[in-house]
Amino acid sequence: MALTPFVALVRKDLQIFASDRRAVIMAFVMPMAIGSFFGMLFSGQPSSDDVARIPVLLVDQDSSTISRSIVAGISTDKNLSAEAVPIDQARDRVRRGNATVAVVIPPGFGEAAGRAFFRGTDKPLLDFLYDPSHGMELAMVRGLMTQHVMEAVSREMFNGEQGRRTIDDALKEAGSIEMPEDRKKLLLQMLTAVQSFNRAVPQGSAAAPGSGGRAGSGISMPYEVHEEAVMARQNAGYNGFAHSFAGMGLQFMLFAAINLGIELLLERQLGLWKRLRGAPISKATLLGAKIASSTAISAMVLLVSFAFAMLVWHVRIEGSLAGFVGVALAASLMAGSYGLLVASLGKTPKTARGASTFATLLMVMLGGAWAPTFIFPRWLQRVTVIVPTRWAVDGLDAMTWRGLGFAAAVLPILMLLGFSALFAAIAVSRFRWEEE
Amino acid sequence: MLEAVHLRKTFGTLVAVDDVSLTLENGRILALLGPNGAGKTTTVSMIATIVRPDRGEIRVDGIALAGDTDAAKRKLGMVPQDLALYEELSARDNLRFFGSLYNLGGAELDRAVAAALEMVGLIDRARDRVKAFSGGMKRRLNLAAGLLHDPAILLLDEPTVGVDPQSRNAIFDNLEQLKKQGKALLYTTHYMEEAARLADRIVVIDHGKVIADDTLQGLTRGGGTLESAFLTLTGRSLRD
């Protein structure tokens with residue numbers, strides 16, 4: 001392969017790229033802007049004091065001791081931002097999207113919940129009004145409500161006025177409860193013991209451990225939680241920008257590669273290809289130079305994006321630097337051969353741009369460039385290993401915020417090189433050397 | 001010397017060129033005339049090795065061209081019908097690029113670029129981007145791009161399409177100068193007056209076949225102009 005023509009072909013592509021201000025902005029500024037935006041969306045919280053609380057509306061139609069206790073518990077929960085409102089307002093705000101979940105405690109809830117606590121029957125309903133676009137928050141609120149309802153009901157049952165009445169009533173009605181005799185006997189023994197406990201302990205005198213100092217006993221969470229993010233370094237918080245810049249860098253490097261592929265179609269259209277083919281240079285030089293220039297531009301796009309992320313958003317390569325460079329170069333080569341594939345399969349610049357943009361968006365979406373693949377359904381997580389961007393994103397994540405060693409970069413590098421070879425092979429086999 | 005021997009090329013069921021042979025000696029201009037779709041561009045493309053012939057061969061100084069990297073290709077210079085230039089680059093950068101494709105570099109390339117720009121009268125606009133050029137200037141630069149490596153044989157595919165009379169005249173002067181330097185020029189055109197002015201020999205091609213190969217005097221022997229002789233040979237029916 002003659003070096004002078006090869007270098008000239010690569011330099012020419014770089015010159016044309018640099019001369020197109022719109023392409024340069026698209027390649028360098030857009031990933032910075034969009035990467036920053038996605039980074040802010042997906043970043044972890046900087047400290048426990050700044051947890052994103054779920055806004056919850058509370059409608060207490062019961063106003064019983066238990067319902068007031070539930071409202072008080074929710075109001076002090078660090079994961080929730082509770083606000084008491086009337087039912088009409090709650091429904092209206094959820095419908096408008098101003099609130100994600102509203103919990104309605106209906107009239108008689110406390111009384112019924114107390115009875116159901118021991119009997120397990122005739123359970124009252126707790127209404128959850130929710131915005132269907134926030135299913136995840138609904139699940140979280142439901143879990144937290146379980147804790148607060150259990151604590152409130154059990155506390156009242158073991159040490160409250162309503163609990164005393166409920167136990168007395170239950171003992172009076174015990175004869176009419178339909179259950180096997182042996183179990184009925186055990187239930188009576190338990191209720192009698194609770195009644196004795198309630199008489200012995202003055203009302204509201206004991207504070208249960210873990211109850212946050214609220215008066216009264218009852219069932220409480222039997223554990224405390226210690227949270228530790230498993231990261232490359234201790235005290236190094238998760239930096240969502242590392243992932244978002246990997247994703248956006250990849251997206252826009254593929255767009256840059258598409259542009260170079262389309263440049264080749266334009267060269268064909270403008271007759272430039274004839275001049276190139278008329279020169280004494282091999283097909284390997286012509287196509288190799290195109291892949292090389294496309295790879296160089298792709299690498300610049302990715303590395304400039306990361307440089308920006310490092311400077312502005314404090315992204316760090318916590319893992320292997322060699323692994324990071326290896327994944328970045330392999331991903332750039334994949335993008336370069338992808339650009340050549342666009343040039344080979346495209347008929348005209350216009351149709352090629354449309355089809356390749358669609359293919360690229362699909363590839364980056366499935367590769368987890370927009371949103372991390374762990375939020376995908378399991379089957380989709382398994383399927384997306386056939387997408388090269390998945391390996392690039394996983395490889396870059398491993399070398400940046402996950403802080404893994406070079407060994408974790410080997411498979412992504414090999415896969416990306418494999419995709420590069422596949423794209424190049426298809427491109428060369430389908431390349432139209434002659435025009436009618 | 002350039003020889004095209006029994007060239008044939010088909011595209012699907014279309015026979016674009018059928019048994020075309022021609023010879024071009026150094027210091028001569030051969031005009032290739034023909035209506036639209038006659039096979040002129042395909043013939044030139046085969047000679048330039050851009051299109052591979054189904055049959056026949058191209059010989060340069062008696063040796064058949066073989067392969068993309070055949071050193072004999074350096075003896076050929078191509079000026080395509082299209083304005084095959086990078087609009088975003090300057091005239092100088094365009095020429096430097098095309099010269100590099102022929103392995104020119106350093107001072108040799110600088111000299112070749114300067115000489116080509118001087119010849120086509122664009123030396124003062126060397127640093128300007130091509131997109132700022134007029135049609136005539138682009139045509140002249142298109143010609144210059146084919147001359148950088150000092151080819152012995154120049155293939156010109158309708159090099160004056162769409163240019164003003166001044167630029168056309170300048171191109172003619174350039175071609176006559178190249179002829180005087182001993183270069184062989186193969187020139188395809190629609191314009192009869194261009195062929196009449198420049199060509200030592202005229203080959204008329206239609207439906208992919210050579211239907212006349214003679215001098216201007218030979219073709220107009222019966223009286224009349226080259227155009228009337230051309231219409232007599234190719235007919236008056238309209239072509240696509």
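Chain A has 16 helices and four strands. Its radius of gyration is 32 Å, well over the 22 Å that the globule rule gives for 436 residues, so chain A is more spread out than a compact globule. The model is a predicted one. Taken along the principal axes, the box filled by the C-alpha atoms of chain A is roughly 105 × 40 × 40 Å. Of the 436 residues in this chain, 42% count as buried. Among contacts in chain A with a separation of 6 or more, 81% come from residues 24 or more positions apart.

### The sheet

The four strands form an open sheet in chain A, with the order E2-E1-E3-E4 and mixed pairing. E2(A) and E4(A) stand at the edges, each with a single partner strand, so one side of each is left without a neighbour in the sheet. From one strand to the next, the twist averages 25°. E1(A) pairs with E2(A) in the parallel sense, over five bridges. Within these two strands, Leu58(A) stands opposite Ala84(A) in E2(A).

| Strand | Residues |
|---|---|
| E1(A) | 54-60 |
| E2(A) | 80-84 |
| E3(A) | 101-105 |
| E4(A) | 127-130 |

### Helix H3 and its neighbours

Helix H3(A) packs on the sheet and touches E1(A), E2(A) and E3(A). The direction of H3(A) makes about 165° with that of E1(A).

H3(A), residues 65-75, also packs against H5(A), residues 109-119, at an angle of about 95° and with the axes 7 Å apart. That angle makes H3(A) roughly perpendicular to H5(A). On the H3(A) side the contact is made by Thr65(A), Ile66(A) and Ser67(A), which meet Phe109(A), Gly110(A), Ala113(A) and Gly114(A) in H5(A). By type, the residues of this contact are three nonpolar, four polar and no charged.

### The contact with chain B

Where chains A and B touch, the contact takes 24 residues from chain A and 31 residues from chain B. On the side of chain A that touches chain B, helix H1(A) (3-19) and helix H10(A) (272-278) each supply at least two residues. H1(A) gives the most to this side, with seven residues. The residues on the chain A side divide into 10 nonpolar, six polar and eight charged.

Key:
Residues are numbered from 1 along each chain as its sequence is written. Chains are lettered from A and ligands numbered from 1 in the order in which they are written. This is a predicted model: local features need pLDDT of at least 70, side-chain atom pairs count only at pLDDT 80 or more; totals for chains, interfaces and linings use all residues. Axes are lines fitted to C-alpha atoms, for helices over the stretch in contact, and angles run from 0 to 180 degrees between N-to-C directions. Angles under 35 degrees count as roughly parallel, over 145 as roughly antiparallel, 65 to 115 as roughly perpendicular and the rest as oblique. Two residues are in contact if their C-beta atoms, placed from the backbone, lie within 7 Å. Ala, Val, Leu, Ile, Met, Phe, Trp, Tyr, Cys and Pro count as nonpolar, Asp, Glu, Lys and Arg as charged, and the others, Gly among them, as polar. Two strands pair if DSSP finds at least two bridges between them. The radius of gyration is taken over C-alpha atoms; the globule rule is 2.2 Å times the number of residues to the power 0.38. A residue is buried if 20 or more other C-beta atoms lie within 10 Å of its own, exposed if 12 or fewer, and partly exposed in between; C-beta atoms are placed from the backbone.
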